[in-house]
Amino acid sequence: MHMPIRKIPEKSLRIQWYRLKPQGAFMLMMLPGLVFYFIYLYLPIGAALLVSIKDYGVKSGIFNSPIASPWYKHFKFFVQSPYFWPLLRNTMLISMAKMLLGIPLAVALAILLNECRVNKLKRAVQTLTYMPHFLSWVVIYGMCFVLFSETNGLINDWLRSLTGSTVPFLTNPSVFRNLIIGSDLWKSTGWSAIIYLAAISGIDPQLYEAAYIDGASRAKTIWHITLPSITNVIVLTLILRCGTILNAGFDQVYVMYNEGVYSTVDIIDTWVFRTGFENFNLSLSSAVGLFKSVISFIMIVTVNQLSRHWGESLW
Amino acid sequence: MVTYSKNRIYNFSVNTILVLIGLICFFPMLYVVSVSLTPYEEYLRQGGIVLFPTQFTFEAYRQFWKEPYIMQCFNNTVFITVFGTMCNIFVTILMAYALSRKNLIFGKFFTFYCLTPLLITGGVVPTYLIVRNTGLLNSLSALIIPTLVSPYILLITRTFFANIDASLYESARIDGAGEFRILFFIILPVSLPIIATIGLMYGVAHWNQYFASLMYISDSAKRTLQVVLREMLNRASSMESDVVVPTRTLQMAGVVVSAVPIILVYPFLQKHFTQGIMLGAIKG
């Protein structure tokens, strides 16, 4: 007997009630987060737009302060000010150095850990290299004192007994910049190696076996198997870092620097912070912050477009 | 796995480099602890070189706890770390779960809404103005509420939930469980790695936070440990110009007290953690 097959209706315009049923629960779940997002992540963007085109006065507040004339006064002031190029240069230099040294070091650490056949040593080194990640910059600043101070720091004591002279790590501008870069590498290399270790652990062991049978040395397998297999991850992290190139590490620099070394380590973010909270020029500070945020945004989007050519995308 | 057991020189050099790297990481921390345990006279006599203290004293620690308001500041830090992290986890997980469901209406809009702040932020001054206008200034809630959800951590958590086998969810739906019940009794028990991961990320950020406390708190008794420590270190930097101030050993005791509690948390979470960060980080 012929059974009529009921046609399953295609997507219709009728409301699909079964889809709506859990929505109330979803909205309830998201409510606290959405409210938080609106107040503390979106309102500041709006406030930045307003304050940076106004002459903000504490008494009149965000809405009643008069519009600056011309409205782009603060942006113009910053770009034409003598701080602009030194700040940009310091920011780029520190940021690039951290990136270009940090990524190879992290990759090298991951490869070394992967090559280690003594499990206890591997785990110990892994734990030790993660540890600095948990220290705050204030704590690391304290460590720098006791290690690098010119009068009674440990390193300078050694230098004095070895070479007879000392290095003013904390007060000489160009040496201090290296200290900033070096301490960042010390803090973050172990942590950034995690992602490369994860990528390496995903490599098919058969590749290594085949190479072994073919007579490749272990050093050669690093070059011909390990590195090519994690290239995509390296490129991805490189792209990510390029998008945030204007973040040279505000927390670190602000905690560690002093007036004597402004010439080499004062970066956009620290200048913004000082302008806002030490000189109380809130409008100028907001304008520069916004300027930086917009440039960063454009860079991330551009870099992501470029990375699609590599077959990697962030979203 | 290939063993290459004969390759002694290779193994030896790999291990040596690793030991060196380990020492570079470990040595500064060890040295700080050593200095903090050395009697100050001994420290001066040795000209600052006390790799391994020959005499131990807890004098510096005793002195550290006598700093004004230190006990309140320590308690504040513990409070915002424990309570703040619990709030962070709670709100992030609820939100990430809803965002990870494919049947969420306007899902695209909500995802866009939640990820845009990753790309564009208001900056420190406008955020400060909002915090001030919402009346949080000079209260501990200023250190918890304005950082309730980190967009980056939300993204990781959402990715984790989205990768959980859909059949787990479907079967619970068919049994008639509501969304809250599914989240708390089905999804959360298999989500320990991600909870440990984000808990650690939020916890470390709270314990180490310095700027929020610097900007929003003016009351000495409401400061956090990092601010106290930074102030103590800088008070002492004028030591080079002969002002009587906290000694190096006292400073280092402060460093140890501000660093050790958060480091101690890590080993307990390590097992889940490495798993969690890998799950989240690959396509962060």
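**Exercise 1. Where is the place of B:Phe106 in chain B?** Determine also whether B:Phe106 counts as exposed or buried.

*Solution.* The model is predicted: local features need pLDDT of at least 70, side-chain atom pairs count only at pLDDT 80 or more, and totals for chains, interfaces and linings use all residues. Residues are numbered from 1 along each chain as its sequence is written, while chains are lettered from A and ligands numbered from 1 in the order in which they are written.

Step 1. B:Phe106 is placed in the loop between helix 4 (70–100) and helix 5 (107–119) of chain B. Helices (H or I, at least four residues) and strands (E, at least two) are DSSP runs, numbered from the N terminus.

Step 2. A residue is buried if 20 or more other C-beta atoms lie within 10 Å of its own, exposed if 12 or fewer, and partly exposed in between, with C-beta atoms placed from the backbone. B:Phe106 counts as exposed because it has 12 C-beta neighbours inside 10 Å.

Step 3. The phi of B:Phe106 is positive, near 55°, in a residue other than glycine.

**Exercise 2. Locate the largest nonpolar core.**

*Solution.* Step 1. A nonpolar core is a set of buried Ala, Val, Leu, Ile, Met, Phe, Trp, Tyr and Cys residues joined through C-beta atoms within 7 Å. The largest one has 116 residues, and A:Cys144, B:Met95 and B:Ala98 have the most contacts inside it.

Step 1. Helix 7 (residues 137–148) of chain A gives the largest share of this core, 11 residues.

Step 2. Domain 1 (8–57) and domain 2 (64–281) of chain B both contribute residues, so the core lies between them. Domain bounds come from an automatic or database domain assignment.

Step 3. Beyond its neighbours within four places in sequence, B:Ala98 is in contact with A:Phe26, A:Met29, A:Met30 and B:Leu104. Two residues are in contact if their C-beta atoms, placed from the backbone, lie within 7 Å.

**Exercise 3. Characterise the contact between chain A and chain B.**

*Solution.* Step 1. The contact takes 76 residues from chain B and 73 residues from chain A.

Step 1. On the side of chain B that touches chain A, helix 1 of chain B gives the largest share, 15 residues.

Step 2. By class, that side has 54 nonpolar, 17 polar and five charged residues. Here Ala, Val, Leu, Ile, Met, Phe, Trp, Tyr, Cys and Pro count as nonpolar, Asp, Glu, Lys and Arg as charged, and the others, Gly among them, as polar.

Step 3. B:Asn15 is found in helix 1 of chain B. Excluding residues up to four places away in sequence, B:Asn15 touches A:Cys116, A:Val118 and A:Leu121. B:Asn15 counts as partly exposed, because it has 18 C-beta neighbours inside 10 Å.
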